[in-house]
Amino acid sequence: MTTPAAEGERGRLDAPETDAPEAEWQRLDRRTLLATAALLCGVAGGTGLPVALGLAGSRPLGQTLAWVLAGALLLVAGGTGADYVRWRRTRYRVGPERVDLHTGLLLLKRRSLARERIRSVDLTANPLQRLLGLVKVRIGTGEHSGGDAALELDLVARAEGERLRRALLTRAAAPEDPRHDGALAALDLRWIRYAPVSFVAPALGGAAAGAVMQVSEWFGAQGEVIDWIGERFSSVAIPWMILWLVLVALAVGAVGALGLWVEMWWNYRLEREPGGTLRVTRGLLTARSVSIEERRLRGVEIVEPLGVRLFGAARVDAVATGLAQKDGDEHGDLKNLLPAAPRPLADRVAAQVLREPEPPTGAPLAAHPRAARNRRIRWALWSALTPAALLAALGLLLTPTLLYAAAGWTVVLTPLAVLLALDAYRNLAHGVGGAYLVTRSGTVRRTTVALQRSGVIGWTVKQSYFQRRAGLLTLTATTAAGSGAYEILDAGRSQGLAFAAGAVPGLLAPFLEPEETPETPEARSTEG
């Protein structure tokens, strides 16, 4: 369904060219062609060398090199020529009311954005582009409508990108507030200690192990790799061998996580610029500059993955309208305001971002009924014991080995599942912190969301059969920002409804039935 806002934007995009204000048309930077040629040379070299080695045994060396070199030259010349045509056909201009872009290789595209609808101007540059002094500029409207809601200038000079960012995000200056203006956070190298305990480390370790096996298969040496590992652990029991391999993978993943953290967060800085724009700059090799207009901000989210939380750290994300998780940027998550840092610092940054004297994420929260704890324990026991029962049944039918596996599964995972269930219950909470609705949940990934009460546009009340029996319900606050919906899980029925009615007055009240108070004997005698 097309919303009125989307129809209005389409009308602006389809406006005739004569409606655009007079402004000087500009081209992309000519060094774009040099960047394209250099990139294609790298691609040609990376693919041409393996091809040359593969054909060297069946053809004369000179003929092989000639064919590979000819293919590489054709790739570089053809790709650069196509990019030259694109460069020649791409023009942009920034007028008082609109930003226009004409581009296209075979099909000419004309795009126009009203400046009043521009909400973000993000700059990105990979190492090659940084070396050439170029940046990619992405101008967004803050709408979830795919690539049609943004203009991309690929590529312009770094100075031109900064000029465009400042010009397009300039708004009427807000009153100065020394407590919350200027630099809000900057890189602290001590934060790197949280990288190895994040979920990235085991993921990178598993990816490294898979890559070794895949590359060895390409070269027909996978059997030799497996034999080499078997020889190293020939005198070790299989369970200990598996444990050692897991530890090695985790160590490799930890090193990879450290390197990834340095690449993502080097030169990190969070600042509030004049006019009410939050700007995050970061990156070692690939430099990123992400701008979030405060008018789009509806709250913050404190994210605490289990490993990071055990070390007392948390990450801060923005809850903003029109800011998807990737939002068209393949380099990372654009909503990150602060990497994993000590929790007190995360709360302080959240308060500064929201211009609050005290962090709403640190407000006192109400716990949930014990029935919510019982539900989580039942889920934990069911998830742990069902596979164990299945293994035991197969063991009785097939082999006693599965019985031992079922016993080990039960002994190890059942207590762990119960501990996680109890932790999940302790983390269930909700409350109000000033102008913000606050909800907290999760155990493997605990999140605390502070959402503007004025930004809540609806409530969804869900109650399953088992929740009705336990006197519980789940409330979902609907908003146009962030993920679009934030849940308050397994709250008491009267507790949850009273909270929703009080947190956003007038929104849920028309759908609530007033509770009948029992008539007292004194009232009956008075009426008599």
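Let's start with Arg355, which counts as partly exposed because its relative accessibility is 27%; buried here means under 20% relative accessible area, exposed over 50%, and partly exposed in between, with a 1.4 Å probe and protein chains only. Arg355 is not a glycine, yet its phi is positive, at about 55°. You'll find Arg355 in the loop between helix H10 (343–353) and strand E14 (366–367); helices (H or I, at least four residues) and strands (E, at least two) are DSSP runs, numbered from the N terminus.

A quick word on what we're looking at: this is a predicted model, where local features need pLDDT of at least 70, side-chain atom pairs count only at pLDDT 80 or more, and totals for chains, interfaces and linings use all residues. Residues are numbered from 1 along each chain as its sequence is written, and side-chain values use heavy atoms, leaving out hydrogens and water.

Now Asn267, another non-glycine residue with positive phi, near 65°. Asn267 sits in the loop between helix H8 (238–265) and strand E8 (269–273), and counts as partly exposed because its relative accessibility is 46%.

The peptide bond from Asp154 to Leu155 is cis, with omega near 15°.

Next, an arginine in helix H5 (residues 158–169): Arg165. Is Arg165 buried or exposed? It counts as buried, because its relative accessibility is 2%. Its side chain makes a polar contact with the side chain of Glu273, at 2.7 Å. A polar contact is a pair of N or O atoms within 3.5 Å; within protein, one must be able to donate a hydrogen and the other to accept it, and residues adjacent in sequence count only if both atoms are side-chain atoms.

Helix H12 (residues 401–427) has 27 residues and reaches 39 Å from its first C-alpha to its last, close to the 39 Å expected at 1.5 Å a residue; the expected span is 1.5 Å times one less than the number of residues. Where is the kink in H12? It lies at Leu413, shortly before the proline Pro415, and is about 30°, the bend being the angle between axes fitted to the seven residues ending there and the seven starting there. Among the buried residues of H12 are Thr414, Asp423 and Tyr425.
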